[in-house]
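Student: I have the sequence and the model open. Can we go through some of the strands and side chains?

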Amino acid sequence: MGEPSGRPGEPLSSAAAFELQLKDGILVRRHVAQLPARAAGAPSTVHEDLLVIWPDGDGFRATSWDNEGHVIAYVVKATAEAVVFDTEPGAPRRFRLEYRFRPDGGQAITFSFARPGGELTPYTSGGAHRRAR
């Protein structure tokens, strides 16, 4: 379950579901966010994305698809503090999706990108917590 910040440009609401699939061989995340209108009088929009994570050698890889036509391939690094999805070095566009674990059991989530030749800059951030079943 997402934790909207209420700041301009941040989602109004957000939810993600994680599910092991294919005999627990891959992890699939489905995410939906209600985004505020970009201009006065314009409608709000819905962003949907699908992230598939799979083991690859000693690590993990992932691919993300969204309803805006973006496809992003990631290399995944996991530690006790965070799970970080980075595009491979040399990719034409750089992206990073970062889940940092909080002491309360939730996660701080940041999605960043870099323009060609530029540094990674946070684009959107928020938090999440596990919803009781």
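Student: In what sense do strand S4 and strand S5 pair, and over how many bridges?

Tutor: S4 (residues 45-56) and S5 (residues 59-66) pair in the antiparallel sense, over 8 bridges. Strands here are DSSP runs of E with at least two residues, numbered from the N terminus, and two strands pair if DSSP finds at least two bridges between them. This is a predicted model, where local features need pLDDT of at least 70, side-chain atom pairs count only at pLDDT 80 or more, and totals for chains, interfaces and linings use all residues. Residues are numbered from 1 along each chain as its sequence is written, and side-chain values use heavy atoms, with hydrogens and water left out.

Student: Which residue in S5 is the bridge partner of Pro55?

Tutor: Phe60. S4 and S5 form a hairpin with 2 residues between them, and Gly57 in the turn has a positive phi of about 65°.

Student: And how many bridges join S5 to S6?

Tutor: There are 6, and the two strands run antiparallel. Thr63 has Ala73 in S6 as its bridge partner. S5 and S6 also form a hairpin, this one with 4 residues between the strands. Gly69 sits in that turn with a positive phi of about 95°.

Student: Where is Tyr74?

Tutor: In strand S6, which spans residues 71-78.

Student: Is Tyr74 buried or exposed?

Tutor: Buried, because its relative accessible area is 3%. The cut-offs are under 20% relative accessible area for buried, over 50% for exposed and partly exposed in between, with a 1.4 Å probe and protein chains only.

Student: What is Tyr74 in contact with, leaving aside its neighbours within four places in sequence?

Tutor: Its contacts (heavy atoms within 4.5 Å) include Leu51, Arg61, Phe85, Phe95, Leu97 and Phe111. Tyr74 is also part of a cluster in which ring pairs link it with Phe18, Phe85 and Tyr99.

Student: How many aromatic pairs does a search of the whole structure find?

Tutor: The search finds 5. In the pair Phe95 and Phe111, the ring centres are 5.8 Å apart and the planes are at 20°, so the pair is stacked. It links distant parts of the chain, with Phe95 in strand S8 (residues 94-101) and Phe111 in strand S9 (residues 107-114), 16 residues apart. Rings of Phe, Tyr and Trp (its six-membered ring) pair if their centres lie within 6.5 Å; planes under 30 degrees apart count as stacked, over 60 as edge-to-face and the rest as tilted.

Student: What about Phe113 and Tyr123?

Tutor: They form an edge-to-face pair, at 5.7 Å centre to centre with 70° between the planes. Phe113 is in S9 and Tyr123 is in strand S10 (residues 121-128), 10 residues apart. Phe113 is buried, with a relative accessible area of 17%, whereas Tyr123 is exposed at 54%.

Student: Changing topic: which strand holds His47?

Tutor: Strand S4. His47 is buried, with a relative accessible area of 15%.

Student: Which side chains does the side chain of His47 make a polar contact with?

Tutor: One is that of Asp49, at 3.0 Å, and another is that of Glu68, at 2.9 Å. A polar contact is a pair of N or O atoms within 3.5 Å; within protein, one must be able to donate a hydrogen and the other to accept it, and residues adjacent in sequence count only if both atoms are side-chain atoms.

Student: What else is His47 in contact with?

Tutor: Leaving aside neighbours within four places in sequence, His47 is in contact with residues including His31, Val32, Ala33, Leu35 and Asp66.
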